[in-house]
Amino acid sequence: MKSAVSSLVRSNNSPISRTLLYHSSKPISQSPFFLSNIPKNLFNQRYQKLQFSPNSTSIMASLSKSEQAREPPALPLPSPPLTKAISFFFFCLFICFIVALIFKIGLCQLSVTPDKERNIKHARKAIEEAGQKGAQLVLLPEIWNSPYSNDSFPVYAEDIDAGGDASPSTAMLSEVASRLKITIVGGSIPERCGDKLYNTCCVFGTDGKLKAKHRKIHLFDIDIPGKITFMESKTLTAGETPTVVDTGVGRIGIGICYDIRFTELAMIYAARGAHLICYPGAFNMTTGPLHWELSQRARAMDNQLYVATCSPARDPGAGYVAWGHSTLVGPFGEVLATTEHEEDIIIAEIDYSILEQRRASLPFTKQRRGDLYKLVDIQRLNSH
């Protein structure tokens, strides 16, 4: 069928090509004038064997259901765990209550030195400052306790599962989260597990307990001649599991730096009902100016959720120079808060009621074509 139609379309002056072009916005089976406009002799010569099912329109309609574009079907956006009621008088006749989850996030863009003990103390101080400014969720940078280098990863790596003295960085995060009653997405640190090293993000709840651990799925292996070459795979092992965690400030998906480039991961998080995706990351001076903000806005806009990123501060004398520019992006792809490359603590508001508003204005989830494409969440599919 495809080759036959193509042969006719190539003849731009034929009555068939004009008919196809005129009705090209619809499938052939839905174009009521298609057969009637083809000269009968030409149709008989070329298309006697073509069969047009009278039920093809209804079949296509059933196949194009938006829910079929996600396998398993996408989960509904969960109700936010926290609410703040705002009341106001309307013409002094009645009180209207708007209930929405509104909270503050703190993005701690930290300087990183070769002194691990100093880095831990410095991160603690920044988290405490963010908490004092009202942040209920704090995000740290990628590799905040160690220089970003393959030589440093094995030296600074910690046994997170063992905890305590074997992991002073996560012990600090747990203690501060519990004491301040906040949620911490702890950036990432080098993790040692057996004979393997990972780039790992830990999420701690308001009780100080470890709620989730995300190991960087996509390793940063790039070679841009004359600009930058870095191969994380020389020392690190890739993670195997997407990470979505329910917290006191909503359902959060976790990615680390290079993970942000893979839209499929963000799509899986959206299909699992994430309100927000956090990406601790250390983009460099080559890709940062071009792709850092662009990637964040694209992931947020395509999936209609919030995206928060946190970078180390820029150190021009370091072996790996980070771009900085930690940022919060809203579900319309709008930059809500950002900073430059120096040390900084960004405090910004997140309002989850905006998610439903944006999704009602642009109902992507109801317009997907499950008959043409599909995203398969392997982990969820295998768990059913």
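**Figure 1. The second largest pocket of this predicted model holds about 270 Å³ of space.** Its lining is made by 18 residues. The closest to the pocket centre are Val112, Pro147, Tyr148, Ala318 and Tyr320. By class, the lining of the second largest pocket has 12 nonpolar residues. Another 4 are polar, and 2 are charged.

**Figure 2. The largest pocket has a volume of about 390 Å³.** Here 22 residues form the lining. Ala74, Leu75, Arg359, Thr365 and Arg368 are the closest to the centre of the largest pocket. The lining of the largest pocket divides into 10 nonpolar, 5 polar and 7 charged residues.

**Figure 3. Helix 9 and helix 10 cross at roughly 40°.** Two packed helices are described by the angle between their axes and the distance between the axes. Helix 9 covers residues 263-271, and helix 10 covers residues 288-303. Their axes come within 10 Å. The crossing angle is roughly 40°, so helix 9 is oblique to helix 10. The crossing is right-handed.

**Figure 4. A closer look shows the residues in the contact between helix 9 and helix 10.** Helix 9 contributes Thr263, Ala266, Met267 and Ala270. From helix 10 come Arg299, Asp302 and Asn303. Sorted by class, the contact has 3 nonpolar, 2 polar and 2 charged residues.

Note on methods: Residues are numbered from 1 along each chain as its sequence is written. This is a predicted model: local features need pLDDT of at least 70, side-chain atom pairs count only at pLDDT 80 or more; totals for chains, interfaces and linings use all residues. Side-chain values use heavy atoms; hydrogens and water are left out. Axes are lines fitted to C-alpha atoms, for helices over the stretch in contact, and angles run from 0 to 180 degrees between N-to-C directions. Helices (H or I, at least four residues) and strands (E, at least two) are DSSP runs, numbered from the N terminus. Angles under 35 degrees count as roughly parallel, over 145 as roughly antiparallel, 65 to 115 as roughly perpendicular and the rest as oblique. A crossing is left-handed if the near helix is turned anticlockwise from the far one by less than a right angle, and right-handed if clockwise. Contact means heavy atoms within 4.5 Å. Ala, Val, Leu, Ile, Met, Phe, Trp, Tyr, Cys and Pro count as nonpolar, Asp, Glu, Lys and Arg as charged, and the others, Gly among them, as polar. On a 1 Å grid over the protein atoms alone, a cavity is a set of points where a 1.4 Å probe fits but cannot get out, and a pocket is an open set with protein on both sides within 12 Å along at least five of seven lines; lining residues have an atom within 4 Å of a point. Grid points are joined across faces, edges and corners, and a volume is the space filled by probe spheres set on the points.
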